[in-house]
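Here are some friendly notes to read alongside the model. Please keep the picture open and find each piece as you go.

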Amino acid sequence: MSETRIGDVGRLAWFPSGKVTKWFVVVFWLAILAAAFGPAGKLQGVLNNEAVAWLPKDAQSTQVVTQIEAFQSKNEFPAVLVYERPAGITPADQQAVAAQVARFDALAPVKSKTVGPIPARDGKALEVIIPVDAGDGGWDTLGATVDDLRSIAKERPAGLSMQVTGPVGYAADSSGAFSGIDGKLLYSAMTVVIVILLLTYRSPLLWLIPVVSAGTALFVAQAVIYFLAKDDTLTVNAQSSGILTVIVFGAGTDYALLLVARYREELRRHEDRHEAMAFALHRAGPAILASGATVIAGMLCLLVATMNSTKGLGPVAAIGVAVGLLVMLTLLPALLVVFGRWMFWPVRPTYGSVDHTRDGVWARIGRRIARAPRRTWVVTSLLLAIASLGILQLNAVGLQNKDSYYGTPESVVGEQTVARHFPAGAGSPVMVLANAPQAGAVKTSLEGVQGVSTVGDPVTKGSRSLIQATLTDAPDSDAATTTVDRIRAAIAKVPGADAIAGGDTATRADTLRASADDNLRIIPLILGVVLLILVLLLRAVTAPLVLIGTVVLSYGAAMGLSALIFRHVLGFAGADSSLPLFVFVFLVALGIDYNIFLMTRVHEEAKELGTRRGALVGLAATGGVITSAGLVLAGTFAVLGTLPVVTFAEIGIAVALGVLLDTLVVRSVLVTALNLDLRGRMWWPSRLAKQDAELSQSTPSDVEAQGPTPGDAEERPALEPAH
């Protein structure tokens with residue numbers, strides 16, 4: 001291989017591809033993997049699921065959590081045990097439950113005195129409120145405590161039912177739903193990836209290399225995140241940990257598919273596999289780097305979020321993609337050249353063989369679009385816009401606890417029992433902190449608020465007082481959220497009280513407002529960042545603006561169709577308030593990949609063939625691999641639906657649907673039709689826009705007759721006849 005060729009390709013592309021240096025790369029990653037294996041397994045131990053790890057930083061509910069330690073642990077939550085006998089509570093029932101209360105108080109996590117048993121006015125139920133200290137382990141530790149409570153409550157008279165509900169009951173059910181989340185998602189994602197790679201490569205062996213590379217990236221990313229979380233540099237919770245697995249496997253496999261596809265092309269043009277990989281890296285590397293940079297930049301935009309849970313997801317996902325990008329551009333090519341062409345068996349790309357993408361399905365689709373490109377993109381855009389109207393059915397104002405899970409867990413049944421016999425807000429009071437001298441006035445103002453059932457006496461510690469108000473409505477209802485707004489307005493009018501309101505209902509209200517604020521702030525920021533990256537990559541203005549427009553249209557259609565599916569097919573009551581932002585981030589940051597893969601190839605071919613033929617060549621050459629990549633990413637996000645949590649299922653369904661739309665419709669049909677219609681104007685104001693008129697000599701009939709030939713613009717050695 002000549003020095004000229006090395007210079008043309010670039011030394012970075014040769015390093016993982018070299019006959020000797022490939023071994024350095026493999027050994028390096030084996031050493032990193034060995035060092036990362038232990039720390040990666042400890043990530044679950046440093047997850048921060050405390051309330052303040054999720055709440056908006058400056059919200060009143062967050063301030064209450066941080067200031068309430070003078071009165072109780074900030075990690076203290078009420079467990080509500082509700083006992084019911086439809087025929088009426090008997091003296092024996094009363095005596096049995098009273099005996100259980102003493103045993104509840106003896107449990108280690110119960111630091112304060114249990115309240116109850118409280119009889120219902122209708123005489124058919126008893127309520128016991130147990131203050132449980134979750135400690136530093138957050139809500140993950142509450143499942144064991146709930147098991148202890150159930151064990152004690154088993155000793156009760158026949159016919160007396162019991163459920164554990166309230167914040168502790170819901171936390172225990174959530175902990176159970178998320179139990180083993182990383183393992184479930186990892187194995188589900190691996191299964192999806194393996195099946196799609198087997199169908200894509202039609203090889204019983206080749207899929208191993210991308211999967212091993214993606215697994216390496218995941219373990220290394222988890223280790224890096226573990227060290228950052230251990231030192232409190234980064235806040236990681238169960239949500240971001242679960243999504244990390246999906247993103248690393250989905251995005252990493254996408255990059256692998258693109259590189260392997262280009263490597264397969266180059267193996268037909270270069271006899272030496274090391275040389276073929278160097279050229280593949282040189283030509284596919286910029287698109288993969290741009291794609292990875294777009295995802296990382298998009299995820300880092302989440303750092304400006306007010307919701308701590310959203311803010312924490314940004315760097316976690318960015319680290320995962322960055323590690324995946326590094327692995328797929330170094331370890332993957334090294335492994336491919338180590339194992340050689342035989343890994344492609346039984347369809348090995350031999351030197352001089354024919355690339356059948358020239359007459360494949362995407363080439364035929366391109367020729368059909370070329371007959372009427374303007375009509376194609378207008379009709380496609382119109383259909384996507386109509387699908388976007390379904391977003392009017394999206395009720396993204398948060399889910400009540402009873403609507404957050406598949407099925408009906410015990411905590412939901414218990415809440416319904418409480419609502420039948422007690423004020424619905426019992427067990428989840430609004431916690432009001434105020435300056436001690438004004439505590440009496442604050443209590444009086446609370447008693448006059450519509451929607452407040454009872455107000456407790458102020459408890460004073462130092463200069464501050466705690467006042468608890470029980471609401472008439474369920475704590476996770478819209479009516480209760482409105483009552484919190486009235487409470488805050490009332491206590492704000494008490495001069496000198498410096499009063500703030502927190503608790504479960506206040507947290508829900510603050511979360512809804514913070515999510516709406518994040519949507520307005522972050523979505524335009526992500527669009528701006530992605531637009532800038534596209535301008536730098538394509539050295540044009542028109543094409544980036546067009547691509548951004550298609551992505552927004554794709555997002556609208558995905559959300560519209562998803563909303564219809566959620567409501568009319570799956571019967572979901574609504575959507576989490578964070579859904580629009582999360583879906584937008586994943587679809588724009590990850591979905592733009594496919595436009596980058598396509599447009600960088602079109603840009604490359606247009607320099608020699610003109611935009612019209614370049615668009616057809618680009619579609620034919622990348623159509624198969626981008627479709628496979630889209631199926632992988634859609635499949636990995638769809639595995640979120642394996643969790644019994646509605647929010648995760650909605651994210652998975654919406655992102656999977658959006659990726660499929662982006663892959664099969666937006667990129668293949670809409671963008672190709674726009675390329676064919678706008679031609680050289682796509683590259684305005686670059687030099688290529690001026691050259692396009694000279695390069696585009698083929699008429700439509702010429703293109704249809706000849707068909708696009710991927711790589712026509714590339715210099716290649718004389719080829720032997722295909723074997």
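1. A term to begin with: a residue is buried when its relative accessible area is under 20%, exposed when over 50%, and partly exposed in between, using a 1.4 Å probe and protein chains only. Helices (H or I, at least four residues) and strands (E, at least two) are DSSP runs, numbered from the N terminus. With that in hand, look at strand β4, residues 161–165: four of its five residues are buried, leaving the strand mostly covered.

2. A word on sources. This is a predicted model, in which local features need pLDDT of at least 70 and side-chain atom pairs count only at pLDDT 80 or more, while totals for chains, interfaces and linings use all residues. Residues are numbered from 1 along each chain as its sequence is written, and side-chain values use heavy atoms, with hydrogens and water left out.

3. Now the sheet. Two strands pair if DSSP finds at least two bridges between them. Four strands make an open sheet in the order β2-β3-β1-β4, with antiparallel pairing. Because β2 (115–119) and β4 stand at the edges with a single partner strand each, one side of each has no neighbour in the sheet. From one strand to the next, the twist averages 20 degrees.

4. Which strands do the bridges join? Five bridges join β1 (residues 76–84) to β4, and the two run antiparallel; here V82 has Q163 of β4 as its bridge partner. Three bridges join β2 to β3 (residues 125–133), also antiparallel, and P119 stands opposite L126 in β3.

5. Helices pack on this sheet too. Contact means heavy atoms within 4.5 Å, and axes are lines fitted to C-alpha atoms (for helices, over the stretch in contact), with angles from 0 to 180 degrees between N-to-C directions. Helix α5 (residues 91–105) touches β1, β2 and β3, and its direction makes about 0 degrees with that of β3. Helix α15 (residues 410–421) touches β1, β3 and β4, at about 110 degrees to the direction of β4.

6. Next, a helix pair: α17 (residues 478–492) and α18 (residues 504–538) pack at about 95 degrees, with axes 9 Å apart. Residues making this contact include V484 and R488 of α17 and A509 and R513 of α18.

7. Finally, find V455 in strand β6 (residues 452–455). Is V455 buried or exposed? V455 is buried, with a relative accessible area of 16%. Beyond its neighbours within four places in sequence, V455 is in contact with K443, L446, E447, I467, Q468 and A469.
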